[in-house]
Amino acid sequence: MKNEFRGQIFTEKSQGLVLRLSYLKAVYQTKGKRMRRFRKIIVDGVEYKWLFRYDDYDYCNAPYLLIIMKSTPKAALRINFPIAEHFLLNSGLPAAFQGKKVEINLNQPSYVSQIIHHCRETENEIPQDGYKRLDGIEILKQIGYEIPPIFLT
């Protein structure tokens, strides 16, 4: 028996292989796109888009968080994180919060939500147009995180 899949004709014996290859191709294509897209988050009833990336300028891999309010897409808040090992914010930067050991991972929405909430309540509000740059380590310290100096630049 022959079946048709996206314009290709194949037999039942090869059906599993074709479907597996198509699935792997789809997963591979979307994996790269997922990292390039903004993620949506709602903080205090306001919708934001955020993206955690590394700046590859001069091969320094400086991590930063880009936050955009959905209602003002031409305005952005860029929060730089000057740390010694850039990959730690992706895998878990060791810190302490209220006496407990934690690992800060900026791919987790809970940390992004805390940062946005803090920026809304302080004078560091998200701008209405243009870029505003902030120091992420200082924001984390103001929130209450204690980061060992060995990890800072």
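Me: How many helices and strands does the chain have?
Reply: In this predicted model, the chain has four helices and 10 strands. From the N terminus on, they run β-β-α-β-β-β-β-α-β-β-α-β-α-β.

Me: Why is T153 called exposed?
Reply: The relative accessibility of T153 is 71%. Exposed means over 50%, so T153 counts as exposed. T153 lies in the segment after β10 (145-146).

Me: Which residues does T153 touch, leaving out those up to four places away in sequence?
Reply: T153 touches P82, I83 and A84. A contact requires heavy atoms within 4.5 Å. P82 is 71 residues from T153 along the chain, yet their C-alpha atoms are separated by 5.9 Å.

Me: What makes β3 and β4 a pair of strands?
Reply: Pairing takes at least two bridges between the strands. Strand β3 (residues 39-43) and strand β4 (residues 46-55) have five bridges, in the antiparallel sense, so they pair under that cut-off. One of the bridges joins V43 to V46 in β4.

Me: What lies between the strands in the hairpin of β3 and β4?
Reply: There are two residues between the strands, and D44 takes a positive phi near 55 degrees in this hairpin.

Me: How do you know that β4 also pairs with β5?
Reply: Eight bridges join β4 to strand β5 (residues 62-69), and the cut-off is at least two; therefore the strands pair. They run antiparallel. The bridge partner of R53 in β5 is Y64.

Me: What share of the chain counts as buried?
Reply: Of its 153 residues, 32% count as buried, a word that applies under 20% relative accessible area.

Key
Residues are numbered from 1 along each chain as its sequence is written. This is a predicted model: local features need pLDDT of at least 70, side-chain atom pairs count only at pLDDT 80 or more; totals for chains, interfaces and linings use all residues. Side-chain values use heavy atoms; hydrogens and water are left out. Buried means under 20% relative accessible area, exposed over 50%, partly exposed in between (1.4 Å probe, protein chains only).
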